[in-house]
Amino acid sequence: MLDYGAMESVLSRVLKGKVDFADIYAEDTVRSSFRLDDERVDVVSGGSDQGVGLRAIAGDTIIYAHTSDISLEGLGKLADEALAALTTRDTGVFTLRLSPPVSAERLAVRAPNQVPAKDKVDLLWRADQAARSHDVSVSQVTASYVDSIKSFRLLNSIGQQIDESRTYTRFMVQVVATRNGIMQTGFEAPGQQSGFELFDDVSPEEIAILAAGRAILMLDAEVAPTGTMPVVLGPGSGGVIFHEAVGHGLEGDHIEKGSVYSGQKGSKVASGAVTLIDDSTIEGLWGSYRYDDEGEPSRRRVLIDKGTLTGYLCDRYWGRRLSVGSTGSGRRESYANLPIARMSNTYLQPGEATHEDIVSATSTGIFAKKLGGGQVDPQTGDFMFSVSEGYLIKNGKIAGPVRGATLTGNGPQILNRIDLVGNDLDFDPGTCGKDGQGVPVCIGQPTCRVTEMTVGGTSMGGTS
Amino acid sequence: MSAKPHWEPDVSALERALSKGQAAGASGVEIFAQRGVHREIKVYQQKIESLESSETVGMGVRAFVAGKVGYAYTPLPDQLESIVLKAVENAEVGTPDEFNELPPAQDSEPIAGLYREGIETYSGEGKIDLAMRAEAAACEQDPRVRGYSTSYADDIEDVWIVNTNGLSQSYRAGYAYVYAAVAAEDAGETQSAWWLDAGREPSALDPVAVGVEAARRALSLLGAKKIESCQAAILFEPLVAAQFIGILSHALTGESVQKGRSLFTGKEGEQVASPLVNLIDDGRLPEGFASSPFDGEGVPSGRLALIEDGQLKAFLHNHYSARKAGVSSTGNASRGSFKSLPGVSATNLFVEPGKQSRDELISSMKRGLIVHEVSGIHAGANPVSGDVSLGATGYWVEDGKIVYPVREVTIGGHLLDILKGIEALGDDFQLLPVAGSIGSPSILVSSMTIGGT
């Protein structure tokens, strides 16, 4: 890791220019990844990602330079690049008042770089075995394991010196099931901020069987109906609705530039059943951190309180432009990306109803048990997400499985149609992509119901 | 801002590292060295929002040991020998496979014009101006239009590959683009749209055209409404068609066929699409954004007809999948970066255009939807099952005329049905760095399911 002294000298050079804020972020991340596909271990890979990013903010302009060259020469060039872009290069001496360094390193119980490759590969074979023996229709299995230890060190013009490290471990199984020439897929991918101890709680066999079961279910499934109907969203991955319907729309840059939620703070934007939290402090969750990637401490943010919009998600830059300050939401994929306002672990606060109550209160509709990815246009609020495991609801009971469905809606409209909220909160890890960079996040919720959403099946017919 | 002139890794250090790998027991070693230089300027409301510049260097080593493969990578040149040893060590837990080997060394013909000096000699102020002009042009179209995110960016990439079969090749490629995302607002309704222009150097770009087109697209969506669910004809605009082709390309690799994940398994020689369809992959197009003289493992790139007159002719291969299939590599080994092993993917992939103008295609539609944008392509289009269900915005057509814009609907179907249901291709071909480097004209499909009210 780059030492503070070298970082300080680069920062001091840049601070001689006319700059309101500057920071330097050095990263050293090590990763290993393994894949078993078609009954062969065909990916065994490991490496490091190192580099440094230097940011200077002058008024509303951000200057950003980054490099993988962490030698003294490389750092010198970095400072030169930044200075070249500043209009005023030398306003004299700047005294950097440094606070004592803070270390927020989080070491795993079983650090992945201490675990032999053989043990990791072993998990893949166990998953492969379990999936293939689950059902004769299982035709292909891909099992992957990825771990990373991300360490960064940052120094900024307000004197903060922070070290943090985070360990991520993820296991993914994709199964293809084939019958009569038709193929369907099932996918399951748990992940935690932890080391190899993840596998004390998570069994590769269970994950493989979940993925295989999902693929087989889709072989048996009817095409989803098309039209507008009530939708019950399952716990955990169902939370993608909040990530898309409102999460992105509350990010500072979108609020400033024109989100469907701009100027709505204090207004009612959802039904009274909706309290939405974004909390980066929850131990072990995929989207958590001690400090964000700008040195702001982690915190719990109430975004919507019983239907009223109470908070935005801001990094330093957009927090200043909106005059609300940072909410500790400044995150970046790596040293090679600018920090921008992002979500962390975003979830709907649980209510009192049981999952069974909610289903039986729904005469017809869809139960979307597991959801895949989604997308939103924060300016219009129109969003969609896909259903990877869904069922028809008939007369308040779960009926046959359906496949190939997308759910679509408009954020504010959909939020106002959430009427029942369950007590079974769960979380699902994923990667959120924005501006060409991805950060680890969790989505979460208990079972909840939306009274009406558009379901896009792949053919006409079915319930209406 | 200045960039180094031509970059070279320390080639003798690379050669020494190859020998180190062999001495450690590898029968084959390959080193992929890459340098990327990137510049990006973002503007907002005619002020500079951000200026970004970067230089990233890295090396990845693939080691073949007794039929097994291991991989390791680093951004630090002085770590090269240590990652060679790490790659050899990683191979130990791999599965032996008779088809794991380095391709034989072949010389590749350079491609003229992949890199134009203009990217580096064009002034920084000039690049800022390109972004400013795109935003200004958009806002000048109509007082209801405002800029959301407008940028200029360029990339220069240097790639070197050496291996123990005697390969030692390199190339340099660059490209630049201007992108404008805008909003149109009227009576409380907001619609958004974007457009971009890309080329080999900044002087080849037309920022005003980008701004004008982005504004036109956003304005054309004002007044958009939902429609009733139905089955109807669909006209995909070129960039939307390109995204579908991108998803389809995953099913056209030898790897996906061999691993039982392709819709096209066993269909070589069969009619898989309408006879109008010619789908080509060409890694040597001078203006293609994915062009390179050789692929991710040093095999020369070329042109391959995948679908001809609707018949499936070939699959995309890297050396491994080609050996397994008993054919030659088609030069489609690809890497995301030095951090990954070569997989298989398309290079510049395109559907050849037809003869009818977009207006002629619209006039021929009795009833249907022009799809201007889809949402959720990575979640809602499954290249294994072929199921497609996506969010869509566009324009409803009746009796050959656009009647009103449409939002918040879904379109659904199956990839193979869509291919077979292609009724007409436009003459409005566009090749842009969207979803890789994919080109397509407008494509008219006879029927898909539209999900609405």
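In this predicted model, 77 residues of chain B are in contact with 78 residues of chain A, where contact means heavy atoms within 4.5 Å. The area buried between chain B and chain A is about 5800 Å², and carbon and sulfur atoms give 47% of it; buried area is the accessible area (1.4 Å probe) that two parts lose on being put together, summed over both. Tyr73(B), Val93(B) and Tyr148(B) supply 12% of the area that chain B buries against chain A, more than any other three residues.

Residues are numbered from 1 along each chain as its sequence is written, while chains are lettered from A and ligands numbered from 1 in the order in which they are written. Local features need pLDDT of at least 70, side-chain atom pairs count only at pLDDT 80 or more, and totals for chains, interfaces and linings use all residues, while side-chain values use heavy atoms, with hydrogens and water left out.

Chain B averages a pLDDT (the predictor's confidence in each residue, from 0 to 100) of 95, and 99% of its residues score at least 70. For the complex, the predictor gives an ipTM of 0.93 and a pTM of 0.94.

Between chain B and chain A the count is 14 salt bridges, each a side-chain nitrogen of Lys or Arg within 4 Å of a carboxyl oxygen of Asp or Glu. In one salt bridge, the side chains of Asp49(A) and Lys339(B) meet at 2.8 Å, N to O.

The strands, which are DSSP runs (E, at least two residues) numbered from the N terminus, count as paired if DSSP finds at least two bridges between them.

Within chain B, an open sheet of six strands has the order S10-S9-S8-S13-S19-S18, with mixed pairing. Strand S10 (311–312) and strand S18 (430–432) of chain B stand at the edges, each with a single partner strand, so one side of each is left without a neighbour in the sheet.

Terms used: Helix = DSSP H or I, 4+ residues; strand = E, 2+ residues; numbered from the N terminus.
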